[in-house]
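User: Can you walk me through this one? I'd like to start with the overall picture and then look at the packing.

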Amino acid sequence: MLIGISARVWIATGLQGLGVVVCLGAYWLLRHGQIRLAIYGVVGSLAVVFSSIVWANHGLADPAMGALGGLMLVAAMLGLSRRAFLLLVLFMVGQVVAVGVANLQGWYVHLPRPLTGSRVVSHALVLGLIGLFAWWLSRDLGRALEHADAETMRVREGAERLEYLSLHDALTGLPNRMLARERFELAAKDAQRSGRQLALVILDLDHFKLVNDSLGHPAGDALLQAVTQRLQGVLRASDTLSRFGGDEFIILLTGLEEGVQASRVAAQVVQSLAEPFEIQGRVVSCGASIGVALYPTDALSFDDLVKRADLAMYRAKETGRNGFQFFDRSLHETVEQQLGLDADMRQALASGDQFYLAYQPQFNLANGACVGVEALLRWQHPLRGAISPAQFIPQAERSGFIVALGAWVLDEACRQARLWREQGVALRISVNVSPMQIRRGGFAEQVQSTLAAHGLAPDTIELELTESLLVDDGSAAARTLNALADQGVQLAIDDFGTGYSNLGYLRRFQIGRLKIDRSFVAPLDDAQHDEAIVRAIVQMASSLGIDTLAEGVETEPQRQRLADLGCRHAQGFLWHRALPAEDCAHVWREQQAGR
């Protein structure tokens with residue numbers, strides 16, 4: 001016997017004590033979140049303790065051999081890694097082989113020993129301590145698993161919440177564009193099977209920006225929520241109401257036998273939103289413009305239907321708002337034409353050889369002198385020929401291209417004015433200004449720098465403005481335009497009297513001239529009512545110290561009547577159409593020579 005019995009007992013006792021220490025360390029690791037290390041520590045220490053008991057007592061006949069098999073089962077349940085579990089199995093098998101070989105060779109003989117009370121107590125104490133540590137470990141491990149389950153549940157709920165938010169609008173709780181697309185795909189498949197129609201309705205609130213600007217964004221949000229509730233009360237449960245963002249909503253109407261059913265729903269929606277809302281103690285009126293496109297009549301894909309319904313919605317806005325329009329092919333053709341016109345305008349401005357200015361002379365009605373010209377933009381397309389300003393100017397306004405176009409007109413007019421000054425021709429040039437040019441900012445600086453670049457005095461040009469600009473953007477426009485007027489630039493109101501009755505803006509702007517619209521001039525031959533309007537305009541302007549100019553004068557009786565009413569200047573076909581710059585200079589020189 002290589003090792004004495006007492007030595008074996010002391011070695012086993014030492015290993016068992018070390019196992020207890022390792023179990024305590026594992027418990028500490030578990031309390032600090034090191035679950036994996038704690039499991040390895042407990043399993044490893046128990047393997048060593050059970051092996052020491054086998055070696056110290058009855059060898060392969062010792063009951064502790066059964067504990068080794070149970071330990072493997074516990075290790076598997078605790079989720080030991082494949083490599084660690086394999087090492088544990090090899091350790092246990094190695095212990096069995098080592099004990100067996102040592103016994104067979106006589107190196108280490110396990111002799112039966114009498115059972116004593118101390119041995120019973122020691123075994124019970126060791127097993128009790130190990131069981132206590134195992135219970136502590138399993139209890140904390142159970143808590144850790146419960147915590148992990150709770151975390152998993154929170155992560156799952158968070159993922160579900162994120163998924164919900166990715167498919168719904170945060171303010172109204174309605175489906176967003178992505179979910180509306182998914183529901184459209186399902187509804188389209190159902191429509192294909194049933195042979196029924198599907199309507200996609202785009203709804204845009206009228207004057208929503210005014211609510212935001214006047215009452216604030218919280219009021220705007222409250223209005224959107226109120227609109228949502230009212231729309232949900234009109235629609236069926238099978239229909240889908242979604243918010244696309246801003247003040248735009250989309251409605252999917254499913255299972256339609258014919259398109260006229262969509263018109264009834266659209267009319268109900270318009271009627272429901274025409275009723276006032278009470279927002280933050282204020283009564284707010286908010287109508288809607290609606291466009292409708294049908295599947296499969298108008299388009300087959302979601303994006304194409306949205307485009308077509310959007311076109312119909314803008315047609316509803318153009319025709320007076322607070323109504324609905326169905327898509328038709330003419331709308332698509334109009335958009336295609338507008339896109340083509342945009343591309344051609346961009347190319348024309350880049351090439352610099354398609355746009356040009358024609359000039360219509362303006363005359364003093366008292367002595368017939370040519371006192372100025374109005375610069376009129378013309379476009380000679382190489383393929384389309386002459387394109388009417390009535391066609392491309394409104395499109396330039398819609399697309400925003402008017403800003404670049406207006407800058408070109410101003411620069412070209414100033415270039416021509418400089419050439420005339422060098423030739424001794426003293427003609428003031430009137431230039432039409434788009435409201436968008438002023439709203440973009442920096443307009444006063446642009447005018448001043450253009451005048452300076454051509455070496456012109458500020459009174460060389462006159463800026464013709466629309467009444468809508470002065471009424472809608474009064475405070476912002478007043479600062480810009482009055483700054484120019486202070487520098488000496490002349491300001492005129494074009495087409496005066498055609499759209500607004502509130503003339504308060506005349507007090508805020510330094511207006512030098514009112515241009516009486518041709519619609520009041522044409523009937524002067526025999527219409528007393530229009531004559532009264534012209535007389536009122538002339539008298540009002542005179543009392544305010546403002547000059548007047550009549551547009552569209554075509555007959556001698558019109559000219560004579562305007563002179564009798566006190567109008568100072570006029571332009572029209574009675575004298576000349578819009579002329580090339582050289583012809584305008586010739587007209588001025590002839591008059592100078594005749595005088």
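This is a predicted model: local features need pLDDT of at least 70, side-chain atom pairs count only at pLDDT 80 or more; totals for chains, interfaces and linings use all residues.

User: How many helices and strands in the protein chain?

Analyst: The protein chain has 22 helices and 16 strands, taken as DSSP runs numbered from the N terminus (helices H or I, at least four residues; strands E, at least two).

User: And what share of the residues is buried?

Analyst: Of 595 residues, 44% count as buried, meaning under 20% relative accessible area with a 1.4 Å probe, protein chains only.

User: Which residues touch the most other members of the largest nonpolar core?

Analyst: W420, L463 and L481, in a core of 76 residues. Such a core is a set of buried Ala, Val, Leu, Ile, Met, Phe, Trp, Tyr and Cys residues joined through side-chain atoms within 4.5 Å. Helix α13 (residues 402-422) gives the most to this core, 8 residues.

User: Is there another core, or what lies apart from it?

Analyst: Another core of 33 residues lies apart from it, with L231, L235, F249 and V292 among its members.

User: Switching topic: at what angle do α7 and α8 cross?

Analyst: The axes of α7 (residues 208-215) and α8 (residues 217-234) cross at roughly 140° and come within 6 Å. Axes are lines fitted to C-alpha atoms, for helices over the stretch in contact, and angles run from 0 to 180 degrees between N-to-C directions.

Notes: Residues are numbered from 1 along each chain as its sequence is written. Side-chain values use heavy atoms; hydrogens and water are left out. Buried means under 20% relative accessible area, exposed over 50%, partly exposed in between (1.4 Å probe, protein chains only).
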